[in-house]
Amino acid sequence: MRAELLNSTLKALYPSKRTVSIEGAPGGGKTTIVQQVAKQLNVGFIEKHMPTMLVEDFGVPDMASSDSTFAYKLPDWFPAVGREDIPEEGILCFDDRNQASADLQKVLANICQARNLHGVPMKDGWQVVSTGNRQSDRAGANRVLSHLRNRETVIELETHLDDWCSYAIDNGVKPEVVSFIRFRPNLLHDFDPQRDQNPTPRSWVEGVSDVLGTVPAEAEYECFKGAVGEGAAAEFVGFIKIFRKLPNPDNIIMNPTTADVPSDPATLYALSGAIAERATENNFERVVTYAERMPPEFSVLSVSYAARKKPELASTQAFTKWAIAHQDVLF
């Protein structure tokens, strides 16, 4: 299931409080999507990293009791009924659940089904969601106990180019990276457990975009290689050399009817991102004028990128005229 559909599906399942498990290759954004859903629903969010937890982290006997019996001391993170410091509604996310031991899975199974911990009920407004990798990903995932599997809906996350690009634009990922992934979409999530490093949505954001422009140019390849692997890093370094040698995008926007339009696809991808990044309400008509001179698919890429980055551009007359002229490509 692609990210946007998963987002809307989690929102639809939230009222029922059905337990959901999201699985997929490392670096695909599983936990990030759950965080986004909680934020969009305006509910609480608690995240626990299962591989680093012990059974004792879910509660220990209260031996200090003066009675002949004892209860359990529960952890401070559990959204128990009566806890005034925890919101009445939220998502309790168990991250990397599939790396948890069988003993931890047994505790989690009870929380999912009975919705309590050591007899203390969980607030009615909370839903349990877990994330994890598959055993085939060789990320340390264990076999999930069958009775836990039967208490949850398992959804596999599929990386999708458009969904990632939308996320990247909304979250300030460098335009060079977005343009490159548009140019080489197969490198967005090329995960192979046999390799030490792999290009993934996470590594492109954290290991490439966040590093780009912060380290010396001569160190870029080595840094990128350490994040996305040798092959992807080599291709990206070649791409940013093109990006950096582009004609000044500001000059293109100032002279949209006379500026040269390149024919090389890699250059067109780079230029599409560069001019879209500079689009404003004041210059958008000139941006569209130049985009009209580009091949149709790059015209769509430039204008849609700009409108995603700055939604107010979609209300301009220039955008309306362009959308009508390109409706055959858009739809």
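Helices α1 (3-13), α2 (30-41), α5 and α7 each supply at least two residues of the lining of the largest pocket. The largest contribution comes from α2, with six residues. The model is a predicted one, and its chain holds 15 helices and nine strands.

**Largest pocket**

- The volume of the largest pocket is about 730 Å³.
- Its lining consists of 34 residues, and those nearest the centre are Gly-28, Gly-29, Thr-32, Ile-33 and Tyr-167.
- By residue class, the lining of the largest pocket has nine nonpolar, 15 polar and 10 charged members.

**Nonpolar cores**

- In soluble globular proteins, nonpolar side chains tend to be buried together.
- The largest nonpolar core in this model has 55 residues. The members that touch the most others are Trp-164, Val-177, Trp-204, Phe-224, Phe-236 and Phe-284.
- With residues up to four places away in sequence left out, Trp-164 touches Val-173, Val-177, Val-178, Ile-181, Leu-188, Pro-201, Trp-204 and Val-205.
- Another core, of 23 residues, lies apart from the largest one. Its members include Leu-92, Leu-108, Ile-111 and Cys-112.

**Helix α6**

- Helix α6 covers residues 175-183, and seven of its nine residues are buried, so the helix is largely enclosed by the rest of the structure.
- The buried residues of α6 are Pro-175, Glu-176, Val-177, Val-178, Ser-179, Phe-180 and Ile-181.
- The elements that cover these buried residues include α5 (161-170), α7 (201-209), α9 (230-244), α11 (265-277) and α13 (296-309).

- Lys-123 sits in the loop between β7 (120-121) and β8 (125-132).
- Its relative accessible area is 2%. Lys-123 is therefore buried, since the cut-off is under 20%.
- The side chain of Lys-123 reaches the backbone oxygen of Ile-86 at 2.5 Å.
- Beyond its neighbours within four places in sequence, Lys-123 is in contact with Pro-79, Ala-80, Val-81, Gly-82, Arg-83, Ile-86, Pro-87, Glu-88 and Arg-115.

- Most residues other than glycine have a negative phi, and most peptide bonds are trans.
- Arg-115, which is not a glycine, has a positive phi of about 55°. Arg-115 lies in the loop between α3 (102-114) and β6 (116-117).
- Arg-115 has a relative accessibility of 19% and so counts as buried, the limit being under 20%. Arg-115 is also one of the residues in contact with Lys-123.
- His-118 likewise is a residue other than glycine with a positive phi, near 55°. The position of His-118 is in the loop between β6 and β7.
- At 37% relative accessibility, His-118 counts as partly exposed.

- Ser-166 belongs to helix α5 and counts as buried, with a relative accessibility of 14%.
- Not counting residues up to four places away in sequence, Ser-166 touches Glu-4 and Arg-308.
- Gln-113 is placed in helix α3. Its relative accessible area of 51% makes Gln-113 exposed, because the threshold is over 50%.
- From C-alpha to C-alpha, Gln-113 and Ile-155 are 18 Å apart, and in sequence they are 42 residues apart.

**Whole chain**

- Along its principal axes, the C-alpha trace spans about 90 × 45 × 30 Å.
- The chain has 331 residues, of which 46% are buried.
- Of the contacts between residues at least 6 apart in sequence, 73% join residues at least 24 apart.

Technical notes. Residues numbered from 1 in each chain as written. Predicted model: local features only at pLDDT ≥ 70, side-chain atom pairs only at ≥ 80, totals over all residues. Heavy atoms only, no water. Core = buried A, V, L, I, M, F, W, Y, C linked by side-chain atoms within 4.5 Å. Buried < 20%, exposed > 50% of the residue type's maximum accessible area, 1.4 Å probe, protein only. Contact = heavy atoms within 4.5 Å. Helix = DSSP H or I, 4+ residues; strand = E, 2+ residues; numbered from the N terminus. 1 Å grid on protein atoms, 1.4 Å probe; cavity = no way out; pocket = protein on both sides within 12 Å on 5 of 7 lines; lining within 4 Å. Points joined across faces, edges and corners; volume = space filled by probe spheres on them. Nonpolar A, V, L, I, M, F, W, Y, C, P; charged D, E, K, R; others polar. Polar contact = N/O pair within 3.5 Å; in protein donor to acceptor, adjacent residues only side chain to side chain.
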